[in-house]
Amino acid sequence: MQFKDIVGQNDLKKSLVETVRNGRISHAQLFLGKGVNGKFALAVAYAQYINCPDKTEFDSCGICSSCVKYHAMSHPDLFFSFPVNKSSKSSGASDSGEGGVSRSASSKDLVSTMFYKDWLNYLNATSYYPELQSWYKKISIENKQGIINVEEARRIVRDVSFKPVEAPYKVLIIWQPEKMNMSSANVLLKFFEEPPANTIIIMVADEKDQLLKTIQSRFQIISVPKISDFDLYDYLKVKYEGTPKTQIKNAVALSNGDLQKAEHILGEGEQMKEHFLLFQSWMRMCYKKGSLEEIKTFVEKVSRIGRENQKHFLNYSLRLVRQSLLLNYGHPSLNKLTHYESEWLTKFSPFIHINNGVQLTQKFEQAIFEVGRNASASVLFMKLSLDLSVLLKIPQ
Ligand SMILES: [Zn+2]
């Protein structure tokens, strides 16, 4: 990870570089900031910069042996710790876990190195912008909390106590130190008080107050601000080339400098527009009692989008049917509709009224239920299309 690969944060990059160039590298630093703002990526880029023998005044070189090993996350002097827990899906750790956690391993024996392969895949997939819930999903513990337990704390002390193998500095990066419990915090506190020589410890956290005061006081705080709107927009407009600029601006405004939130909004936005267009053409076809050929073409199209997408599409359709009823009966909630939805629904909603509204709602609810039970999509959408053709013709 090089500084140039990180979205925005130019002032902070500059001041981190200066600490290295002035020989004022603190041996215990806490990168602190809310949300997915790049604080973890900055910690890794900083560590890589410190150890790169060919660094420039802006960045690590990216091609020396140290940088190559950092890039592959295989440097013998680079260590990570992060919260884990037992998977709720299988009886061990995550299925693809490199450690092959034994089925009898209990939560208290788990250490993060058992999940290292998942961790690397996850970091690559998120471009080093990790976020707790999606990490939990990756290791299938969504409904549990990850922890940094006392066994993990002992593991850190053991692994990091040796001299650096080849780099000037060993670096330990602890992601989400808030997830330490009291026993692990106590073990690590002793370690932080007397760290081995040539070792840099970087903790990457959202909330300082969840850490013991005695731990906080050992660390120099590096505040990582949210990504500026300008930098976020600049990054997203390249990554989402082709997406309307207003949509990107909207995502930036709603995300509060959080990269993951912004991308989530953009991703959802695209799918929503697709579903809207599909629903629109479907309703037109049903209302004018399209030919069987036309209906077949629609059914084939929707059969190909996959079950999860079909479920989303049906839920989306149901939402528009309900919003139409609300529009007709004096409870418009236009703020819950996008501009294109409200524009079209004002024309479409008169066709959904007191004489067919309940039946239409039930038909969609039934279809959602059946899709969930693996009914044949082509049969289901064919039948639903024919039902809708009849129901939409019922006069108000
Ligand atoms: Zn280098």
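## Buried residues and the model

A residue counts as buried when its relative accessible area is under 20%. Gln48 has 2% relative accessibility, so Gln48 is buried. The structure described here is a predicted model.

Gln48 is found in helix α2.

## Overall shape

The protein chain holds 16 helices and five strands. Its radius of gyration is 27 Å, well over the 21 Å that the globule rule gives for 396 residues, so the chain is more spread out than a compact globule. The C-alpha atoms fill a box of roughly 80 × 50 × 40 Å along the principal axes.

Of the 396 residues, 48% count as buried. Take the contacts between residues at least 6 apart in sequence. Of these, 74% join residues at least 24 apart.

## Domains

The domain assignment gives domain 1 (3–225), domain 2 (231–257) and domain 3 (268–391). The centres of domain 2 and domain 3, taken over C-alpha atoms, are separated by 29 Å.

## The sheet

What is the order of the strands in the open sheet? The five strands run β2-β3-β4-β1-β5, with parallel pairing. The strands β2 (78–81) and β5 (220–223) stand at the edges. Each has a single partner strand, so one side of each is left without a neighbour in the sheet. Neighbouring strands are turned by 20° against each other on average, direction ignored.

Strand β1 (residues 28–32) is joined to β5 by four bridges, and the two run parallel. In this pair, Leu30 stands opposite Ile221 in β5. Helix α2 packs on the sheet and touches β1, β2, β3 (170–175) and β4 (199–205). The direction of α2 makes about 165° with that of β4.

## Strand β3

Strand β3 has parallel partners in β2 and β4. Four bridges join β2 to β3, and six bridges join β3 to β4. Leu78 has Val171 in β3 as its bridge partner. Lys170 stands opposite Thr199 in β4.

Is β3 enclosed or open? Six of its six residues are buried, so β3 is largely enclosed by the rest of the structure. In a regular strand the side chains alternate between the two faces of the sheet. Both faces of β3 are covered. Lys170, Leu172 and Ile174 are buried on one side, and Val171, Ile173 and Trp175 are buried on the other.

## Nonpolar cores

Which residues touch the most other members of the largest nonpolar core? They are Phe31, Phe40, Phe80, Trp135 and Ile173, out of 59 residues in this core. Helix α2 (residues 39–51) gives the most to the core, with 10 residues. The core draws at least three residues from each of domain 1 and domain 2.

Trp135 shows what such a position looks like. Leaving aside neighbours within four places in sequence, Trp135 is in contact with Phe82, Pro83, Val84, Phe115, Asp118, Trp119, Tyr122 and Trp175. A second, separate core has 33 residues, including Cys286, Leu360, Leu388 and Leu391.

Leu188 lies in helix α7 (residues 182–193). Its relative accessible area is 0%, so Leu188 is buried. Beyond its neighbours within four places in sequence, Leu188 is in contact with Ala153, Ile156 and Met180. Leu188 and Val150 are 38 residues apart along the chain, and their C-alpha atoms are separated by 8.8 Å.

His353 lies in a loop, between α14 (339–348) and α15 (357–372). Is His353 buried or exposed? It is buried, because its relative accessibility is 2%. Leaving aside neighbours within four places in sequence, His353 is in contact with Leu325, Asn328, Tyr329, Ile394, Pro395 and Gln396.

Conventions. Residues are numbered from 1 along each chain as its sequence is written. This is a predicted model: local features need pLDDT of at least 70, side-chain atom pairs count only at pLDDT 80 or more; totals for chains, interfaces and linings use all residues. Side-chain values use heavy atoms; hydrogens and water are left out. A nonpolar core is a set of buried Ala, Val, Leu, Ile, Met, Phe, Trp, Tyr and Cys residues joined through side-chain atoms within 4.5 Å. Buried means under 20% relative accessible area, exposed over 50%, partly exposed in between (1.4 Å probe, protein chains only). Domain bounds come from an automatic or database domain assignment. Contact means heavy atoms within 4.5 Å. Two strands pair if DSSP finds at least two bridges between them. Axes are lines fitted to C-alpha atoms, for helices over the stretch in contact, and angles run from 0 to 180 degrees between N-to-C directions. The radius of gyration is taken over C-alpha atoms; the globule rule is 2.2 Å times the number of residues to the power 0.38.
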